[in-house]
Amino acid sequence: MSQIHSIVYTPATVLEKSPDHYDRAPLHDAMLVAGYGIEGDRKGGHPKRQLNIMSQETLQGLGGEGFQVAPGEMGEQIVLSGIDLIDLEPGSRVQFGDGAVIEVVEPRNGCDRFEHIQGKAPALAKRRLGVMARVVASGAIKVGDSVRVVEGERV
């Protein structure tokens, strides 16, 4: 069964980026807001980068290679299990729980900040950093919610 494994966000109270880690706080549940991302997330609102989503299975492999993979340490916000995100094309839509829907925008690539925080070149995780997505239908989500690809369905 595909499901949400973890949710983290950057609280609006975080005014400056920490130089040596991603400022992420864990959530058991959250509201995804269409056109924004996670409600209350300081990073929300970018048209192409509302959510960073990774797969649990990939994180486990990266952890075995020495990457820091606790929730939020790879810069991700939502971790899913049971869906291979690498296979999702831009435009693919995924439903979380009963109503929230995201649309894949592009594969996620690491940056200089990722390299500084992880101490490893992003190229070592190429094509394994998940996807960038935007929220196309608002809805409440929580850890353990089911996840399903709804490609081609109108939302």
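## A charged residue and its cover

Is Glu 103 buried or exposed? Glu 103 is buried, with a relative accessible area of 10%. The cut-off for buried is under 20% relative accessible area, so Glu 103 qualifies. Keep in mind that this is a predicted model.

## Salt bridges around Glu 103

Glu 103 has a salt bridge with Arg 93. The closest N and O atoms of this pair are 3.0 Å apart. Arg 93 sits in strand 7, while Glu 103 sits in strand 8 (residues 100–107), so their contact ties together parts that are 10 residues apart in sequence. Arg 93 is partly exposed, at a relative accessible area of 23%.

Arg 134 also forms a salt bridge with Glu 103. Here the closest N and O atoms are 2.3 Å apart. This pair links distant parts of the chain: Arg 134 belongs to strand 9 and Glu 103 to strand 8, 31 residues apart. Arg 134 is partly exposed, with a relative accessible area of 33%. Through shared partners, the salt bridges join Arg 93, Glu 103 and Arg 134 into one network.

How many salt bridges does the structure hold? There are four. One of them pairs Glu 65 with Arg 128, with 2.7 Å between the closest N and O atoms. Glu 65 lies in the loop between helix 1 (56–64) and strand 6, and Arg 128 in the loop between helix 2 (112–118) and strand 9 (131–137), so the pair ties together parts that are 63 residues apart in sequence.

Both partners are partly exposed. Glu 65 has a relative accessible area of 39%. For Arg 128 the value is 26%.

Why is strand 1 described as largely enclosed by the rest of the structure? Five of its seven residues are buried. Strand 1 covers residues 3–9.

Strand 1 pairs with strand 6 (residues 78–81) in the antiparallel sense, over four bridges. In that pairing, Ile 4 has Leu 80 as its bridge partner. Strand 1 also runs antiparallel to strand 2, and three bridges join them. There, Val 8 has Pro 26 of strand 2 as its bridge partner.

Which strands make up the open sheet of three? Their order is 4-3-10, and the pairing is antiparallel. Strand 4 (37–38) and strand 10 (139–142) are the edge strands, each pairing on one side only.

Strand 3 spans residues 29–33. Strand 3 and strand 10 are antiparallel and pair over four bridges. Within this sheet, Leu 32 stands opposite Gly 139 of strand 10.

## Charge on the surface

The positive one is formed by Lys 17, Arg 42, Lys 43 and Arg 49. Lys 17 is in the loop between strand 1 and strand 2 (25–27). Lys 17 is exposed, with a relative accessible area of 56%. The cut-off for exposed is over 50%, so Lys 17 passes it.

The negative patch gathers Glu 57, Asp 84, Asp 87, Glu 89 and Glu 151. Asp 87 lies in the loop between strand 6 and strand 7 (93–96). Asp 87 counts as exposed, at 55% relative accessibility.

Notes:
Residues are numbered from 1 along each chain as its sequence is written. This is a predicted model: local features need pLDDT of at least 70, side-chain atom pairs count only at pLDDT 80 or more; totals for chains, interfaces and linings use all residues. Side-chain values use heavy atoms; hydrogens and water are left out. Patches are made of residues with over 30% relative accessible area and no salt bridge: like charges are joined within 9 Å, nonpolar side chains (Val, Leu, Ile, Met, Phe, Trp, Tyr) within 5 Å. Accessible areas come from the Shrake-Rupley method with a 1.4 Å probe; for residues, only the protein chains shown count as cover. A salt bridge is a side-chain nitrogen of Lys or Arg within 4 Å of a carboxyl oxygen of Asp or Glu. Lys and Arg count as positive and Asp and Glu as negative; His and the chain ends are not counted. The place of a charge is taken as NZ of Lys, CZ of Arg, CG of Asp or CD of Glu. Helices (H or I, at least four residues) and strands (E, at least two) are DSSP runs, numbered from the N terminus. Buried means under 20% relative accessible area, exposed over 50%, partly exposed in between (1.4 Å probe, protein chains only). Two strands pair if DSSP finds at least two bridges between them.
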